[in-house]
Amino acid sequence: MPEGKNKGQRARVFQGGGALGAYEAGTYQQIYKKVSQENADGRLFDIITGTSIGAINSTVLVGHYLRNNSWKGSAEKILEFWKGLMCTTIADDLFGRNPFIRNSWDYLHATNSGIADTESARRFWSIFEFAFTPRGVPNMYESVPTWGSKFLNPFTDFLPWWRYDYRQLRSYLSKFVDFPIKTSLEKGQPRLLLTSVDIQDYATPVVFDSYEKLHDASVNDDVTIDTAKEGKSKNSRWFSEYGNSENRHIVFYDGIGPDQVLASALGKYALDHPQIEDKATGTVRQLWDGGYLSNTPLRELLTAHKNYWMEYLRKNRGGSQKSFTRAPELEVYIVNLHPLAPKDIPQDKDLIDDRERVIFYFTIGLRTMNTLRMS
């Protein structure tokens, strides 16, 4: 066992939140500064974990570490990644650079409190342009109009609904990350954990791990999968086990690649959700954004941490479960992107929709914290 590896570890948890990932990248600057000042040896994070846009941020950071064998420059690298996603919209030009439009909107807002302020209007119409026009977001996705007439509704069938093609993101990620990501405790490399959800069985999250498993995959008490045979490379032990005792699933992968990142990041309207074969059932599973089930993957972090170290200590000490010593303690850094909303009652559609999102993501995080307190 490498010297000092069991003396305590530090983890960074990245939440999901779409464009709020840019805010997360900004907070990383301050966390990086604090931790690097306290650790002159350059050892910053032992584990990086994320969901949705947090999975993308996590991958970029670990990718930077592996290219440089150091966290130095990672704060600048994550900002570089986000700068590549920035672009000017028509709304930026209208509200930011056109005094007549800006002053007129300010006047409307001042005389009618039901009208949004200028900055809120700029953001709304910018998002509308990104999501509901073919332009999309450079280096992220293209918006693809889709028509359907399921109910022969004359009021809506002439309007498209929009799906999103993320091939640009696949290409853009490869500029920052050398896939696949395979890391090792023995080499002192950080562990990357990404959370996704199987839309055909969402009893438990799917967690992808850059560390190899230390055990074979077991379908049940009688059947064990030969990981050297089923893995995509010799002696491969990269696989995820999830589900419950009645519906058990095992999916293999060859380290964390673009499919695993996008499996954690792509929402319901994506065109290219990753699919992966389940060796336990012989079926193909489709994976969606992990934020639907665990937007703050703290529970998944702690479970993966505990399971890895229990297996590690068992193998290296040859003991039974009774002889396990506890896993290294974790110092965890989380920035909550979804704080509890104000107690006022929303009245218009925009505020109602916004409150729904806050309730959804806040309660997911709250359930995670309550579960941990009770365990």
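In which helix is Lys315 found? The structure is a predicted model, in which local features need pLDDT of at least 70 and side-chain atom pairs count only at pLDDT 80 or more, while totals for chains, interfaces and linings use all residues. Residues are numbered from 1 along each chain as its sequence is written, and side-chain values use heavy atoms, with hydrogens and water left out.

Lys315 lies in helix 10, which spans residues 298-317 (helices are DSSP runs of H or I with at least four residues, numbered from the N terminus). The residue is partly exposed, with a relative accessible area of 45%, where buried denotes under 20%, exposed over 50% and partly exposed the range in between, for a 1.4 Å probe and protein chains only. Although Lys315 and His215 are 100 residues apart along the chain, their C-alpha atoms are separated by 9.4 Å.

In helix 9 (residues 258-265), six of the eight residues are buried, so this helix is largely enclosed by the rest of the structure; the buried residues are Gln260, Val261, Leu262, Ala263, Ser264 and Ala265.

The axes of helix 1 (residues 21-38) and helix 3 (residues 74-83) come within 9 Å and cross at roughly 165 degrees, the axes being lines fitted to C-alpha atoms over the stretch in contact, with angles from 0 to 180 degrees between N-to-C directions. The two helices are therefore roughly antiparallel to each other, a term applied to angles over 145 degrees. In their contact (heavy atoms within 4.5 Å), Gly21, Ala22, Ala25, Tyr28, Gln29 and Tyr32 of helix 1 meet Ser74, Ala75, Glu76, Ile78, Leu79 and Trp82 of helix 3.

Definitions and conventions:
Parallel < 35°, antiparallel > 145°, perpendicular 65-115°, else oblique.
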